[in-house]
Amino acid sequence: MSTRNLVLLAALALVVFVGLQSVYVVSEKERAIKLRFGEVVAADVAPGLNFKVPFIEVVRKFERRIITLDSDSERFITSEQKGLEVDAYVQWQIDDVREFYTATSGGDFFRANTILANRINSALRDAFGRRTLREVVSGRAEDEPLSTGTEIEDEGERDRLLREVTADVDSFARSGLGIRVIDIRVKAIDLPQEVSADVFSRMRSDREQEARLFRSNGEREAEEIRASADRQETVITANAFREAEQIRGEGDAEASRIYSTAYSANSEFYGFYRSLRAYEDSFGSGGDILLLEPDNDFFRYLQSKGGVPTTDE
């Protein structure tokens with residue numbers, strides 16, 4: 001191969017190499033900045049195909065997605081001077097890539113996590129130090145009344161604590177690190193052995209108090225239901241008795257009217273009919289014994305001839 005061809009081939013390779021060094025791609029999952037001799041000349045480069053001056057400009061890429069920082073358990077002291085082992089984590093995301101690059105000495109994620117963890121530790125320590133053991137364990141304030149089960153519970157004390165800590169750390173991270181803190185959560189709160197028995201006893205007392213409240217409410221409602229049922233029973237029985245007496249009175253009146261009509265139509269037949277009913281009632285059982293004078297008026301129709309009672313001369 002001639003010298004000229006070698007030169008052309010070398011020039012072509014140089015052009016290709018320079019062209020490749022001039023083009024870079026930023027994906028949707030990345031945040032990028034462009035540096036010129038260590039100075040930021042373009043912050044938050046748009047995703048896609050971009051160009052730079054080779055050998056002069058440098059591109060640094062960072063994670064755009066949410067990052068989870070899971071720190072080690074820390075011991076915090078409550079306002080009652082009781083210790084708690086708290087295991088928490090934080091989710092954060094780069095908000096201002098220029099500020100992040102500058103504040104973390106060139107976009108050092110380890111340094112960013114260290115600064116953020118220290119700030120979270122300090123904020124949690126202050127928040128736990130302003131609250132009692134019951135508030136951070138049960139999630140309810142000391143003066144908060146027990147729930148009756150009929151209303152929806154509001155935000156708990158522990159939720160308020162985490163919301164306050166998140167807001168405080170987010171404000172610091174945005175202004176000092178270019179980071180947006182999305183959420184801070186507590187995974188577990190472990191009690192030291194010396195306070196576990198006291199906490200469990202306190203929680204058991206709370207549950208017993210709540211159970212007594214439910215039981216008293218149930219007994220009160222049961223008494224109200226029983227009283228209402230007894231009142232309704234009395235009213236229904238009285239109304240039924242009144243209606244029965246009215247019907248019985250109307251029946252007796254109708255019977256008296258019928259008897260009176262029958263008696264007025266044929267008094268002798270009415271007397272005969274009443275005597276037959278009296279005989280039937282008196283001699284209905286074979287073992288009945290009735291002692292009367294033979295000429296007693298009770299037998300007047302038995303002594304008569306032709307169905308007409310006899311009369312003494």
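The model is predicted: local features need pLDDT of at least 70, side-chain atom pairs count only at pLDDT 80 or more, and totals for chains, interfaces and linings use all residues. Residues are numbered from 1 along each chain as its sequence is written, and side-chain values use heavy atoms, without hydrogens or water.

**Sheet**

Three strands form an open sheet in the order β3-β2-β5, with antiparallel pairing. Strands here are DSSP E runs of at least two residues, and helices are H or I runs of at least four, both numbered from the N terminus. Pairing requires at least two DSSP bridges between two strands. The edges are β3 (39-42) and β5 (57-63), each pairing on one side only. From one strand to the next, the twist averages 45°. Angles run from 0 to 180 degrees between N-to-C directions, with axes fitted to C-alpha atoms. Strand β2 (residues 30-36) pairs with β3 over 3 bridges, in the antiparallel sense. R36 has E39 in β3 as its bridge partner.

**Salt bridges**

The count is 16 salt bridges. The rule is a side-chain nitrogen of Lys or Arg within 4 Å of a carboxyl oxygen of Asp or Glu.

| Pair | Closest N and O atoms |
|---|---|
| D70 and K187 | 2.8 Å |
| R131 and E164 | 3.0 Å |
| D170 and R174 | 2.9 Å |

D70 and K187 form a salt bridge. D70 sits in strand β6 (residues 67-70) and K187 in strand β9 (residues 179-190), so the pair ties together parts 117 residues apart in sequence. D70 is partly exposed at 46% relative accessibility. K187 is also partly exposed, at 44%. Buried means under 20% relative accessible area, exposed means over 50%, and partly exposed lies in between (1.4 Å probe, protein chains only).

R131 and E164 form a salt bridge. This pair links distant parts of the chain, 33 residues apart: R131 is in the loop between α3 (109-129) and α4 (133-138), and E164 is in helix α5 (residues 157-176). R131 is buried at 6% relative accessibility. E164 is partly exposed at 35%.

D170 and R174 both lie in helix α5, 4 residues apart, about one turn of the helix. D170 is buried at 15% relative accessibility, whereas R174 is partly exposed at 37%. Elsewhere, salt bridges with shared partners join K34, R36 and E57 into one network.

**Q93**

Q93 lies in strand β8 (residues 83-94). Its relative accessible area is 16%, so Q93 counts as buried. The Q93 side chain makes a polar contact with the R180 side chain at 2.4 Å. A polar contact is a pair of N or O atoms within 3.5 Å; within protein, one must be able to donate a hydrogen and the other to accept it, and residues adjacent in sequence count only if both atoms are side-chain atoms. Beyond four places in sequence, Q93 touches R64, R65, I66, I179, R180 and I182. Contact means heavy atoms within 4.5 Å.

**Nonpolar cores**

The largest nonpolar core has 35 residues, and W92, L116 and L124 touch the most other members. At least two residues each come from β2, β6, β8, α2 (97-103), α3, α4, α5 and β9. Helix α3 gives the most, with 7 residues. A core is a set of buried Ala, Val, Leu, Ile, Met, Phe, Trp, Tyr and Cys residues joined through side-chain atoms within 4.5 Å. Outside four places in sequence, contacts of W92 include F100, F109, L116 and V181. A second, separate core of 5 residues includes Y24, V26, A32 and V45.
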